Amino acid sequence: MFKIKKGWFFIVAIILIIAIYFVSNLIFKKNTNGYITEKINTGLVSQTVSETGSVRATDNIELGFKNSGRIETINVVVGQDVKKGDLLAKLNTSQLSIQLQESMAALDVINKQYDKLLNGATIEDIKIVEDSKNAAEDDLNSAYASAINTLSDGYTKIYNAYTTVNSIQSSYFSLTDQQGIKVIDNKNIIQNKLADAKSYLDKAKNSSKKEDIDLAVSGMLSIFNNVYDALKIARDMCDEGTYYSKVSSTDKTSLDTQKTNINTAITNATTSQQNISSYKIALQKAESNLILKTAKPRQEDVDLYQAQIRQAEANVSLLQSQIEDTRLRSPIDGKVTKINSKRGEVVSVNESAINLLSSNPFQIKSDIYEQDIVNIKVNDPVEISLIAFPREVFSGKVISVDPAEKIIDNIVYYEITIDFDGNKDKVKSGMTADIVIKTNEKENVLRVSKSAVESINNIELAQIKKADKIENKEIKTGLEGDDYFEVISGLKIGDEVIIGKK
């Protein structure tokens, strides 16, 4: 009996293990439907450049501005000792300051609009939209009332046309010739169309449905055109054969007048039809605006404003960075050895303005590939590993970027200089250094794996998994990191994107 219980125990244990395995896979596994997915979240986007360099004895470094402009102030003199971060010179920033103020104002507007979206419309705003909707309804009702008057007037014009043709046919035409047959046939057409017009008009007047008025206007337009064609044929017969001299000029003029009247009826009915269509559109728009004003904010609207806020914040940060770049600061502790520019002069990008001699005895020189050099700037932090000291990691900072290229094995490189606090007693000139330059990073930003983004004709796309469907979504990215892109718009927290296949 004990053996049987023990056997069941093992069976139940195995079943539980299998069940836990499948349940955990169901809950946590992202490799569904043949794809590997990732949920969008916030985090760090870090951009680095890795290279090797060598330790060199310190020499003069030439400092230049990152932007071109007119020098506003120079704060040092030759021979002066400076500390890292000291302001050496400054460019004029009046235009950038104006742009920054405009960008900050735009950011403030977007934030206020976002707050307004979340808070919903005010009673006053809703009242304005309600009034607009009521006015649109009144305009449409007036257009329908005017259309009925237009149709009534058109019916009268058809009646007068029939009376005139009937009188002229009775006075001049008979069934004895071709002209007479045509006049009688077209008189009958006008008579039939008069009856059809009466039917449309009565239904439009007596019905409570606006669709019946729409149908009447459309039908009457067709009738007016038929009547005009019949009048034209009758008028043409008056100028054929013996009828040219037989029909009086007064009667001919009367037919011409009826043609003009019917043509006016066509114009008026067309105008009524167009007015009704325009007022329908206006009413639909007003009703949609009222629904939008009274509805809770849609998630897509919230996402849109959040994306616009991030973009506006990025513009502010960019301008603040550009203004900071107009300030030439000492990247190291050292001594001013030469001043190459004067106040008021216009300097170009990276043109040597001030020369410094570092207080540290050693620097690191490294050649950077042309594709990577565009991401590197002065003051970028650097992690340094010397092969001679494998257990130590030194910190440093980029202090200059040589604007002149170097051709090595037919490949373009640019030399950078890195200042670092190494082991002064043991570091030797010529030692090899592995460097990792942190060119840019943003913390707590919306990010997506680089493998999830595809660029087609300069349009960035990501595939989003929704239920059992995969949708292409156009997105906009910001900073490109080593592993992630910063997401500016197109994605939101929780979206599940495709990053590969099983």
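# Sheets and packed helices in a predicted model

Biologist: In β8, which residue is the bridge partner of D81?

Modeller: A further open sheet has four strands in the order β3-β10-β8-β5, again with antiparallel pairing. Its edge strands, each pairing on one side only, are β3 (61-63) and β5 (81-82). Two bridges join β5 to strand β8 (residues 334-339), and these two strands run antiparallel. The bridge partner of D81 in β8 is K335.

Biologist: Which residue takes a positive phi in the hairpin of β16 and β17?

Modeller: Strand β16 (residues 453-456) and strand β17 (residues 459-466) run antiparallel and are joined by four bridges, and S455 stands opposite E460 in β17. The hairpin has two residues between the strands. The residue with a positive phi, near 55°, is N457.

Biologist: Which residue has a positive phi in the turn of the hairpin that β17 forms with β18?

Modeller: Seven bridges join β17 to strand β18 (residues 469-480), and the two strands run antiparallel. L461 stands opposite E474 in β18. The hairpin again leaves two residues between its strands, and the turn residue with a positive phi of about 55° is A467.

Biologist: Are α3 and α4 roughly parallel or antiparallel to each other?

Modeller: Two packed helices are described by the angle between their axes and the distance between the axes. Helix α3 (residues 123-172) packs with helix α4 (residues 178-206) at an angle of about 160°, and their axes are 9 Å apart. Because angles over 145 degrees count as roughly antiparallel, the relation of α3 to α4 is roughly antiparallel.

Biologist: How many nonpolar residues does the contact of α3 with α4 have?

Modeller: The crossing of these two helices is left-handed. The contact includes I148, L151 and Y155 of α3, while α4 contributes residues including V183, I184 and L194. Beside four polar and three charged residues, the number of nonpolar residues in the contact of α3 with α4 is 14.

Biologist: Are α3 and α5 roughly parallel or antiparallel?

Modeller: The axes of α3 and α5 come within 10 Å and cross at roughly 25°. Because angles under 35 degrees count as roughly parallel, α3 is, relative to α5, roughly parallel.

Biologist: How many nonpolar residues are in the contact of α3 with α5?

Modeller: α3 passes α5 in a left-handed crossing. Among the contact residues are Y144, A147 and I158 of α3, and I213, M220 and F224 of α5. Apart from two polar and two charged residues, the nonpolar residues of the contact of α3 with α5 number 16.

Biologist: How many charged residues does the contact of α5 with α7 have?

Modeller: Helix α5 (residues 210-237) and helix α7 (residues 249-294) have axes that come within 9 Å and cross at roughly 160°, and the two helices are therefore roughly antiparallel to each other. The crossing in which α5 passes α7 is left-handed. By class, the contact of α5 with α7 has 13 nonpolar and six polar residues, and the number of charged residues is seven.

Methods
Residues are numbered from 1 along each chain as its sequence is written. This is a predicted model: local features need pLDDT of at least 70, side-chain atom pairs count only at pLDDT 80 or more; totals for chains, interfaces and linings use all residues. Side-chain values use heavy atoms; hydrogens and water are left out. Axes are lines fitted to C-alpha atoms, for helices over the stretch in contact, and angles run from 0 to 180 degrees between N-to-C directions. Angles under 35 degrees count as roughly parallel, over 145 as roughly antiparallel, 65 to 115 as roughly perpendicular and the rest as oblique. A crossing is left-handed if the near helix is turned anticlockwise from the far one by less than a right angle, and right-handed if clockwise. Contact means heavy atoms within 4.5 Å. Ala, Val, Leu, Ile, Met, Phe, Trp, Tyr, Cys and Pro count as nonpolar, Asp, Glu, Lys and Arg as charged, and the others, Gly among them, as polar. Two strands pair if DSSP finds at least two bridges between them.
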